[in-house]
Amino acid sequence: MADNSILTRLDGLKLKYEEIGQKLTDPEVIADVKQFIQFNKEYRELEPIIEASERYRTAIANLAEAKDILANDKDEEMREMARGEIAELEPKIETLEEEIKLLLIPKDPQDAKNAIVEIRGGTGGDEAAIFAGDLMRMYTKYIESKGWKYEITSFSEGTAGGYKEVVMKVTGNNVYGTLKYESGVHRVQRVPQTETQGRVHTSAASVAVLPEAEEFDVEISMNDIRKDIFCASGPGGQSVNTTYSAIRLTHIPTGIVVQCQDQKSQLKNFDKAFEELRTRVFNLEYSKYLDEIASKRKTMVSTGDRSAKIRTYNYPQGRITDHRINYTIYNLSAFMDGDIQDCIDHLIVAENAERLKESEL
């Protein structure tokens with residue numbers, strides 16, 4: 001039987017969808033770029049709900065018609081067809097209801113955005129930097145498998161390999177909504193390359209995934225920024241190391257510092273550094289929203305707490321354990337080669353189950 005509370009919600013959303021569709025043809029809205037982008041985004045977000053609701057309504061109408069035939073038609077062949085249709089439609093309607101309930105859960109408005117991913121070697125010295133490099137390789141392999149793009153904006157190499165710190169921008173479809181589950185402390189247990197006695201050590205690296213702020217998300221005055229120019233370091237040939245092209249930007253009100261050194265052009269480095277600065281300033285506010293979620297949730301699947309130990313990579317046993325959902329698998333080599341989708345899928349399911357409870361649908 002149709003869920004009346006769902007139908008009421010869908011009626012309201014259909015009305016909103018039609019209103020936004022009309023606004024998108026209004027010359028005044030089209031002339032206001034910020035407003036037009038916002039309405040267009042809302043319209044696109046409502047589309048899958050409206051499509052699912054149309055399928056739901058059609059199935060409900062067909063079920064009512066089949067039940068009417070079964071109750072009132074004298075033709076046994078028609079009644080038999082109606083029975084078959086009822087048997088097919090009832091489970092279909094249940095599935096559609098579950099799909100719609102998930103679609104009706106308020107989404108994190110940042111999920112569709114690109115992301116800034118920052119990986120830092122933590123406790124463990126050289127081994128932590130090497131592990132940060134391993135995580136970087138894991139993510140780049142995963143990013144390539146998704147058909148996304150990435151570019152490294154700044155890095156500091158470890159003395160024995162890997163990275164003390166590396167920052168990259170990832171672009172594609174629903175990047176932040178997928179990678180946000182990777183924020184936190186990643187712990188590794190293995191015999192380090194630097195260890196001569198063959199003892200297993202534990203070290204860690206932290207990952208921070210930030211939604212990239214768009215031009216209209218936050219306004220930054222150039223008067224609030226101090227710009228420093230310096231020579232880039234690291235690989236890249238003579239021009240990188242001898243030209244003052246690297247940019248460091250300091251946002252004076254917040255004290256946030258970013259730098260970019262991957263381009264030979266000072267102008268391009270400035271643009272990239274400014275994008276990252278805008279993202280970090282935006283994330284000061286966004287982290288308050290994440291803290292609010294964290295205070296309500298038990299599993300802490302995706303929260304702003306980047307100090308939480310989220311996953312252990314145990315090399316002697318070839319084991320990966322995600323501590324948030326008690327997920328354990330024994331295919332570490334494939335995981336480190338970027339095969340992390342199954343783990344992310346489990347995290348998404350766990351978060352959706354929690355959000356469903358919150359929404360009381």
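Biologist: Is Lys 16 buried or partly exposed?
Modeller: This is a predicted model: local features need pLDDT of at least 70, side-chain atom pairs count only at pLDDT 80 or more, and totals for chains, interfaces and linings use all residues. Residues are numbered from 1 along each chain as its sequence is written, and side-chain values use heavy atoms, without hydrogens or water. Buried means under 20% relative accessible area, exposed over 50%, and partly exposed in between (1.4 Å probe, protein chains only). Lys 16 has 39% relative accessibility, so the class is partly exposed.

Biologist: Which residue meets Lys 16 in a salt bridge?
Modeller: A salt bridge needs a side-chain nitrogen of Lys or Arg within 4 Å of a carboxyl oxygen of Asp or Glu. Here the N to O distance is 3.9 Å, and the partner of Lys 16 is Glu 42.

Biologist: How many residues apart are Asp 111 and Lys 180?
Modeller: Their side chains form a salt bridge at 2.9 Å, N to O. Asp 111 sits in the loop between α4 and β1 (115-121), Lys 180 in the loop between α6 (175-179) and β4 (184-190). Asp 111 is buried at 12%, and Lys 180 is buried at 8%. Their separation is 69 residues.

Biologist: Which strand holds the salt-bridge partner of Asp 322?
Modeller: Asp 322 bridges to Arg 311, with closest N and O atoms 3.1 Å apart. Asp 322 lies in β10 (residues 319-322), so the bridge ties together parts eleven residues apart in sequence. Both residues are buried. Arg 311 lies in strand β9.

Terms used: Helix = DSSP H or I, 4+ residues; strand = E, 2+ residues; numbered from the N terminus.
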